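I opened my notebook to work through this model one region at a time. These are my entries.

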Amino acid sequence: MAGLRALQVLRKLGARARGRLCSARAASQSAHPISAYDRDGYAVPDLRLTAEQLETARRAVDSVLERNSHLQPEQLVNAHLQEESRSDKQAGRVHGSSDLMRLACLPIITGLAAHCLGTNDVILWACQLFAKPPRKGRAVPWHQDGVYWPIEPLNACTVWIAIDRSGSENGGLQVIPGSHSRALKHATIDGDRPYGESAIRVAILPETLGKEMMERAVDLNLDPGMMSVHDSMLVHGSKSNLSGSRRAGLAISFMAANCHFRRDVQTFAAREGGLELDFSNRPLVQVRGKNRHPGNTHFIPAPY
């Protein structure tokens with residue numbers, strides 16, 4: 001599978017720093033301590049957006065959904081780009097929001113990413129809006145983000161921000177702790193089975209995961225403004241939203257700046273995953289430190 005070379009590369013850069021991770025504030029009893037990120041592949045830090053930041057994000061999300069009503073709301077790529085995105089064909093040309101770009105570049109967000117990546121040299125390269133409409137929001141099958149991403153070595157993570165309440169009742173994020181240590185086989189889903197109507201087509205089948213791993217799955221219950229962070233290889237997904245309330249969240253993805261964003265590589269999952277992602281013109285944003293790889297190109301300025 002194209003791009004899987006990256007999945008076999010050890011993320012040495014962040015190994016030492018990850019063992020010393022700590023949140024900006026002491027973790028509450030309900031929060032998954034950030035110090036467990038390296039072990040479990042995810043964390044729910046005791047950090048959240050301010051009321052003002054959350055309200056701005058909500059208005060921006062509502063605007064993006066309205067402007068892109070003809071596209072699949074569960075996976076609006078490049079939601080942080082104000083100008084029409086031309087880099088993702090099958091996903092459509094998403095009209096994003098500069099307010100979401102500013103949100104993605106907040107120090108509270110980029111600092112969390114820097115902790116988890118083990119470096120102060122951090123690049124923002126993706127921001128997707130996942131909005132599941134009430135009663136018909138699509139499932140996102142089990143998968144590992146890294147099989148979609150053309151990043152070598154794969155020292156990358158995603159900060160997931162709840163815009164609405166997100167939990168087991170409305171198709172909230174589910175993770176399998178400790179599943180980030182190796183790449184698992186992904187397959188193209190046969191029709192809508194076994195997940196029902198799904199937002200992506202390349203996923204890990206339940207039989208590949210096995211009973212023991214499936215039983216370890218954890219629901220992440222996040223109030224609006226809360227956030228989680230997960231490793232690029234953590235197995236995660238979400239069920240359909242059959243509730244009467246919308247479930248919207250932002251997945252903001254970062255990479256260490258010494259990694260190479262391979263514009264010449266199209267991964268199997270990106271090609272077959274239902275969006276036909278094309279990364280050749282995807283803008284990069286240096287949100288912390290400096291770019292450390294000469295192969296990284298096409299930067300746009302951070303909104304500072």
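Which residues is Arg-263 in contact with, leaving aside its neighbours within four places in sequence? I looked it up and found Phe-279, Ser-280, Asn-281, Arg-282, Leu-284, Thr-297 and His-298. Contact here means heavy atoms within 4.5 Å.

A note on the source before I go on. This is a predicted model, where local features need pLDDT of at least 70, side-chain atom pairs count only at pLDDT 80 or more, and totals for chains, interfaces and linings use all residues. Residues are numbered from 1 along each chain as its sequence is written, and side-chain values use heavy atoms, with hydrogens and water left out.

**Entry: Arg-263.** I placed Arg-263 in the loop between strand S13 (260–261) and helix H8 (268–272). Helices (H or I, at least four residues) and strands (E, at least two) are DSSP runs, numbered from the N terminus. Arg-263 counts as buried because its relative accessibility is 18%. The cut-offs are under 20% relative accessible area for buried and over 50% for exposed, with partly exposed in between (1.4 Å probe, protein chains only). I then followed the side chain of Arg-263. It reaches the backbone oxygen of Phe-279 at 3.0 Å. It also reaches the backbone oxygen of Thr-297, at 2.8 Å.

**Entry: the sheet of 6 strands.** I read the strand order as S1-S10-S5-S12-S2-S14, an open sheet with antiparallel pairing. Strand S1 (42–43) and strand S14 (285–288) stand at the edges with a single partner strand each, so one side of each has no neighbour in the sheet. Two strands pair if DSSP finds at least two bridges between them. S2 (residues 122–132) and S14 are joined by 3 bridges and run antiparallel. I checked Val-122, and its bridge partner in S14 is Arg-288.

**Entry: helix H3.** What does helix H3 (residues 51–67) lie across? I found S2, strand S5 (156–162) and strand S12 (247–256).

**Entry: helix H5.** I counted buried residues in H5 (residues 107–117). They make up 8 of the 11, so the helix is largely enclosed by the rest of the structure. Among them are Ile-109, Leu-112, Cys-116 and Leu-117. Just after H5, Gly-118 takes a positive phi of about 75 degrees.

**Entry: the sheet of 4 strands.** This open sheet has the order S3-S11-S6-S9, and its pairing is antiparallel. Strand S3 (140–143) and strand S9 (218–219) each have a single partner strand, so one side of each is left without a neighbour in the sheet. I found 2 bridges between S3 and strand S11 (residues 236–238). His-143 stands opposite His-236 in S11.

Notes:
Axes fitted to C-alpha atoms, helices over the stretch in contact; angles between N-to-C directions. Polar contact = N/O pair within 3.5 Å; in protein donor to acceptor, adjacent residues only side chain to side chain.
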